[in-house]
Number of protein chains: 2
Amino acid sequence: MARVSVKTDKDSSLVRLGAAIRARRQLLSMSQEALADHAGIDRSHMGKVERGERNITLLNIMRIAIALDCSASELLSQAGL
Amino acid sequence: MARVSVKTDKDSSLVRLGAAIRARRQLLSMSQEALADHAGIDRSHMGKVERGERNITLLNIMRIAIALDCSASELLSQAGL
């Protein structure tokens with residue numbers, strides 16, 4: 001079988017998930033700092049996640065989803081992933 | 001706000017996602033080695049992912065979902081995440 005190619009540039013799934021996280025956070029009128037603190041994620045790392053500059057792990061997706069009062073699959077679905 | 005606590009032991013979301021990956025792979029009658037090769041993921045790493053022993057990244061979830069002909073959100077939804 002052919003290898004699956006996944007782009008890691010600015011058009012990638014990372015950017016789309018970051019945008020979905022930001023949209024959900026803004027819907028809840030939550031600051032990026034509050035989300036980072038609530039999820040237990042470093043504030044500067046959270047900024048990079050929202051900009052799609054970090055290859056986020058499942059456990060951090062879970063932490064963010066819980067802090068945003070939604071499921072991880074809902075976040076990914078919102079991102080079109 | 002209180003910090004979100006995410007368990008990383010054997011009862012965690014990692015185990016549930018690993019089980020969902022395995023179930024989907026077996027539904028397609030695909031070996032773990034074939035999935036690893038198709039997704040471009042090291043075979044020993046894939047075994048650890050299916051057992052929930054690795055904190056998988058979004059890009060690897062994407063690679064596995066593509067190789068399993070489903071979306072990442074469907075995989076997480078199957079895992080109850």
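In chain B of this predicted model, M30(B) has its place in the loop that runs between α1 (13-27) and α2 (32-39). M30(B) counts as partly exposed, because it has 17 C-beta neighbours inside 10 Å, a number that falls between the 12 or fewer of an exposed residue and the 20 or more of a buried one. When residues up to four places away in sequence are left out, M30(B) touches R25(B) and L35(B). A79(B) stands 49 residues away from M30(B) along the chain, and the C-alpha atoms of these two residues are separated by 19 Å.

The loop between α1 and α2 of chain B also holds S29(B). Although S29(B) is not a glycine, it has a positive phi of about 55°, and because it has 7 other C-beta atoms within 10 Å, S29(B) is exposed. In chain A, a positive phi of about 55° is found at D69(A), which is not a glycine either. The place of D69(A) is in the loop between α4 and α5 of chain A, and with 10 C-beta neighbours inside 10 Å this residue counts as exposed.

Chain A has five helices and zero strands, so that, read along the sequence, it follows the pattern α-α-α-α-α. Of the 81 residues of chain A, 38% count as buried. If one takes the contacts in chain A between residues at least 6 apart in sequence, 63% of them join residues that are at least 24 apart.

Which helix of chain A holds E50(A)? The residue belongs to helix α3, which is made of residues 43-50. E50(A) counts as buried, because 22 C-beta neighbours lie inside 10 Å of it and the cut-off for a buried residue is 20 or more. Leaving aside neighbours within four places in sequence, E50(A) is in contact with G18(A), I21(A), R22(A) and Q32(A). E50(A) and N60(A) are 10 residues apart in sequence, and their C-alpha atoms are 12 Å apart in space.

Where the two chains meet, 29 residues of chain A are in contact with 29 residues of chain B. On the side of chain A that touches chain B, α1 (13-27), α2 (32-39), α4 (58-67) and α5 (72-78) each supply at least two residues, and α4(A) gives the most, with seven residues. Sorted by kind, the residues of this side of chain A divide into 17 nonpolar, nine polar and three charged.

The same surface serves both copies, since 100% of the contact residues of chain A recur in chain B.

A last point concerns the confidence of the prediction. The mean pLDDT of chain A is 91, and 86% of its residues reach 70 or more, while the model scores ipTM 0.86 and pTM 0.87.

Conventions. Residues numbered from 1 in each chain as written. Chains lettered and ligands numbered in written order. Predicted model: local features only at pLDDT ≥ 70, side-chain atom pairs only at ≥ 80, totals over all residues. Contact = placed C-beta atoms within 7 Å. Helix = DSSP H or I, 4+ residues; strand = E, 2+ residues; numbered from the N terminus. Nonpolar A, V, L, I, M, F, W, Y, C, P; charged D, E, K, R; others polar. pLDDT = per-residue confidence, 0-100.
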